[in-house]
Amino acid sequence: MNRLFFALLLLLPFASWAQTDENLPVYPFGEPKEFEIGGIKVTGATYSEDVAIIGVSGLKVGDKIRIPGPEIPRAMKALMRLRLFTNVQIVLDKVIGDVVFLEIQLQERPRLSKYAYRNVPKTYHENLNEQVNKFMLKGGIVTEDVKLNAQRAIEKFFIDKGFFDAKVKVMEEPDTARVNSVIVYFDTDRGERIKIEDIEFAGAQNAKEKKLARKMKETKEKGKLFGSSKLVRKDYETDKEALVKYYNTIGYRDARILGDSVWRDEDGRLRVKILIEEGQRYYFRNIVWKGNSIYDNSTLQGILGIEKGDVYNQELLEKRLRFSQDGRDVSTLYMDNGYLFFNVDPVEVAIEGDSIDLEMRIFEGPQATIDKVIIKGNDRTHEHVIRRELFTRPGEKFSRSDILRSQRQIVNLGYFNPETLGINTPVNPQRGTVDIEYTVEEKPSDQLELSAGWGGIQRVIGTLGVSFNNFSLRNIFNKEAWRPLPQGDGQRLSIRAQTNGNFYQSYNISLTDPWLGGKKPNSFTVAGFYNRYSFTANSSFSILNGSASLGTRLKWPDDNFLSTTALSLQTLSLNDWSAGALGSFSDDNGNLITDGKFNNFSLRQTIARSTVYDPIFPREGSRISLAVQLTLPYSLLNGKDYTDLGPEERYRWLEYHKWRFDAEWYTPIVGKLVLKASAKIGILGSYNRKVGTVPFERFQVGGDGINNQQFGFQGVDIISMRGYEVSDLSANFDAAERTSPAPIFDKFTLEMRYPLSLNPSSTIYVLAFAQGGNAWRNLRDFNPFDLKRSAGIGMRVFLPMFGLLGFDYGIGFDKQRLPGERGLKGLGDFNIVLGFEPE
């Protein structure tokens, strides 16, 4: 039986319903006839359910329909509105009496197999995918609207990048590997990047155009070093707001932007013109305080720091009233005393000429008491480890400064993601209480070191080390706590072994409990190591060391101070150890020390102060420490004449006093850009001139400061110097020109740091540095300004499982070059950073 297409019925209402079989009746189309639907089937639907299609059509088995009639066209229109099909036909399958059987024939729109870019660098693909995926997904339907939206998104992306002439053509090709699927290609012509040629500030009479241009952080003229010269509309609007805010800071409170123009000149260059109305400049006159009873007017005025006649500055006013970064504001004064509900409203009560009178209307409210301190999100770290670091405790007065200090202490533990640390303070005004909720997110803190490397004269060296930074010693015998190790009590256990056989061996172990006894922040550390070199069968050098230290948080001058006292016993053994590639030991007169056993029993006292917020990527704060390491003055106590004693007898018990000063400052410059400044000074002195300066405990300056194949294991402080090797500093050699550490050094560094990623699973930042340092053989020659200068760039990557990785490339400006070397040749050095930041 031939099928009749009802689509033709709509176009030929007066045609005849014809069948080629002469035995079947012929129905005149001009005479509608009522039929009952006996069945409906669907063909051509690959991605759609038959039941759903029949449901959308509105046709049902058993319904009465008229042919011709409105039901069939209505069903076709409903299916077409889905935009899933390029063609819909409803045809007659068969007729039995007054019962009709229908077939819905569909031609589905093609599905997306994949899309690709042409003439687009791969560096853009990931960002473009984010835009295209908003409209196109693999397996989705490809319509003209979908292609148009994706095309516009790509063009907008490149326009925001400064390619104002970007054009995209969308081409579609069948995918022969898949049924009814297509591949979409975005053929892109970016054109040339159009940069801002000129920014004109019309009406700017009382502010320099260069100053205004600097306030536009993201919109810059072509050729500027910092900032983008492309025009991004969102950033441009933000920069215009920044202009008005700047005018407000210099007294022009009524300043506004009347309009702006952005156009391309006849040469196609982009130009910007901003029309500014500055208005009148205003000054502070009378400032009156109302509603204050806790603090008198002079106290509040002293914190405000604004005097009569000062230029009106709305930003400074708000900063001194509320939440200044340095804590110098009126709100902090009240909130640190429990007045959580405090509010101050500065009201302009009079404007006369260029003068403004202010009335500070204060609502002090009642003092708020901390009710509950809640900790959430710590699924590995035990709650008491966090709670003991907090400065906010139930029953105490609310203090904003205590909350900020608690936040810093939590971050400094190193167990939690600083970017997601949340603090919430739900208030109960009826009871006058506040709850403090700390929400933390655990991050990996343990580290594994497993490596093999070439150590030069040390040949292949294998290293295995683990550091458990959140260990639980009390659960070590609790089988249920081994997941895979007992953790959560904040103790640190480190074990490390390094060897290449008999030639070199190093074994280290340490355990730290930051809260000894669990009551007070007294840290206790026990550590030991054994290092041994066997240069030849009969030549060796070894150190056996054991130490214990106790650290205490001080309350004076403030509770950012820490005192640490360490006791150390060390034995150094030399057996036919002569000068060579591994370095040598010599006294002040250059006499070589090759044999003997030397004991080093010392007490080290350190006073340090730290306000650093994040130990991995600090953005503000400082770390300052002064340390002195002392031994007993044996030569002054035993009455011996050391004039004619040999080195083994003279240094059997080492005697010295050693001083170290270290300081670091971190300052945010703009956005995430941070300036680090540091200074380091070390001096090793003696009690008795006849004994002289001991050959150990000195300072080796130069190189990368780690895995130093000359002195990486000895009783020597390794001080890195980017851009210089150990051999580049004359003070690293004794009178006989043998490599030997120096007793005095200093080093000063400036670093600009910028983070590429602050994700706790991989913190990455780049840096540029300028550095100067040197070493001296005696105090007479010490000159802190006689520095070996260097500058360069570097990168750091912190992976929680492996620690710190990175490199520096430094150019030493004061290096001695070989004959024939010109320019920068011979001045540069690569330094590698593994595991920790070198000194």
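Which residue's side chain does D265 meet in a salt bridge? The partner is R271, and the N to O distance is 3.0 Å. Before going further: this is a predicted model. D265 is buried, because its relative accessible area of 16% is under the 20% cut-off. R271 is partly exposed, at 21%.

Let me stay with charge for a moment. Side chains of opposite charge can pair when their charged atoms come close. The structure holds 43 salt bridges. I will take two further pairs and then a network.

E172 counts as partly exposed at 35% relative accessibility, while K147 counts as buried at 10%.

The other pair is K640 with E649, where the closest N and O atoms are 3.2 Å apart. Here K640 is partly exposed, with a relative accessible area of 44%, and E649 is partly exposed too, with 28%.

The network is made of K658, R660, D662, K680, E697 and D717, which salt bridges link together.

Next, helix 8, residues 297–304. Which of its residues are buried? They are L300, Q301, I303 and L304. Seen down the helix axis, these buried residues fall within an arc of 160°, so they line one face of helix 8. Their cover includes strand 13 (283–290), helix 9 (314–321), helix 10 and strand 15 (355–363). Just after helix 8 comes G305, with a positive phi of about 70°.

Helix 10, part of that cover, spans residues 330–335 and contains S331. Is S331 buried or exposed? It is buried, since its relative accessible area is 4%. Setting aside neighbours within four places in sequence, S331 contacts L321, R322, F323 and F342.

Now the largest nonpolar core. It has 30 residues, and the ones that touch the most other members are F541, L574, F598, L654 and F696. Strand 25 (539–553), strand 26 (561–575) and strand 33 (699–701) are the elements that give two or more residues to this core. Take F598 as a case. Beyond its neighbours within four places in sequence, F598 has contacts that include L574, L654 and F696. Its other contacts include Q570, T571 and L572, as well as I593, P647 and E648. Y651 and R652 are also in contact with F598.

Strand 38 (803–812) and strand 39 (828–835) each supply at least two residues of the patch. Strand 39 gives the most, with three. F830 sits in strand 39, and it counts as exposed because its relative accessibility is 57%.

Last, a loop residue. K208 lies between strand 10 (196–202) and helix 6 (209–215). K208 counts as exposed, at 69% relative accessibility. How far apart are the C-alpha atoms of K208 and A677? They are separated by 32 Å, and the two residues are 469 apart along the chain.

That is what I have; questions are welcome.

Note on methods
Residues numbered from 1 in each chain as written. Predicted model: local features only at pLDDT ≥ 70, side-chain atom pairs only at ≥ 80, totals over all residues. Heavy atoms only, no water. Helix = DSSP H or I, 4+ residues; strand = E, 2+ residues; numbered from the N terminus. Buried < 20%, exposed > 50% of the residue type's maximum accessible area, 1.4 Å probe, protein only. Contact = heavy atoms within 4.5 Å. Core = buried A, V, L, I, M, F, W, Y, C linked by side-chain atoms within 4.5 Å. Arc of directions from axis to C-beta. Salt bridge = Lys/Arg side-chain N within 4 Å of Asp/Glu carboxyl O.
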